[in-house]
Amino acid sequence: MLRGILRALVGVIGVLALLVAARLWVGPEAPAAALGLKADGLLGLATLRADVGGFFAAGGLFALAGAIRGEGRLLTPPALLLGLALAGRLVTVAIDGYAAPMLPPMVIEAVLVAILLIARRRLG
């Protein structure tokens, strides 16, 4: 039963990440602004689509594949991506300081990393 719950939860994580990627590819300005980013011309738009959209697409695809196939090893890439994103935020706190709007994404990333690592271990 726990295995099924974890697969469903990871599947939801994957679908949501893919939806964020799709939003970034179709109209990057609004989701980028929600993340504190702003495109500077065509290069900026392309970078948002490629780098940020690609980040969410890669994580989402691996999470969804892991959920569908029930293979924990497929959850390593999204856990690593989110863990590195969280590490980057912690570097920002250490170097530049902390602001309250930084907390929600950090909490979300930490929770998602925990879920993905638990699912990775349980799904084998």
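Colleague: Glad to join you! Which residues lie nearest the centre of the largest pocket?

Modeller: Welcome! Keep in mind that this is a predicted model. The largest pocket has a lining of 28 residues. Those nearest its centre are L35, F55, F56, R89 and E109.

Colleague: Which element gives the largest share of that lining?

Modeller: The elements that each give two or more residues to the lining are α1, α3, α4 (76-96) and α5 (103-123). With seven residues, the largest share comes from α3.

Colleague: And by class, how many residues of the lining are nonpolar?

Modeller: The pocket holds about 800 Å³ of space. Its lining includes four polar and three charged residues. The nonpolar ones number 21.

Colleague: How are α1 and α3 oriented to each other, and why?

Modeller: Helix α1 covers residues 2-26 and helix α3 covers residues 41-69; their axes come within 7 Å and cross at roughly 155°. Angles over 145 degrees count as roughly antiparallel. Therefore α1 and α3 are, to each other, roughly antiparallel.

Colleague: What handedness does their crossing have, left-handed or right-handed?

Modeller: The residues where α1 contacts α3 divide into 17 nonpolar, five polar and three charged. As for the crossing, α1 passes α3 in one that is left-handed.

Colleague: Stepping back, what is the radius of gyration of the chain?

Modeller: The chain has five helices and zero strands, and its C-alpha atoms fill a box of roughly 45 × 35 × 20 Å along the principal axes. Because a compact globule with 124 residues would have a radius of gyration near 14 Å, the value for this chain agrees with that: 15 Å.

Note on methods
Residues numbered from 1 in each chain as written. Predicted model: local features only at pLDDT ≥ 70, side-chain atom pairs only at ≥ 80, totals over all residues. Heavy atoms only, no water. Axes fitted to C-alpha atoms, helices over the stretch in contact; angles between N-to-C directions. Helix = DSSP H or I, 4+ residues; strand = E, 2+ residues; numbered from the N terminus. Parallel < 35°, antiparallel > 145°, perpendicular 65-115°, else oblique. Left-handed = near helix turned anticlockwise from the far one by under 90°. Nonpolar A, V, L, I, M, F, W, Y, C, P; charged D, E, K, R; others polar. 1 Å grid on protein atoms, 1.4 Å probe; cavity = no way out; pocket = protein on both sides within 12 Å on 5 of 7 lines; lining within 4 Å. Points joined across faces, edges and corners; volume = space filled by probe spheres on them. Rg over C-alpha atoms; globule rule 2.2 N^0.38 Å.
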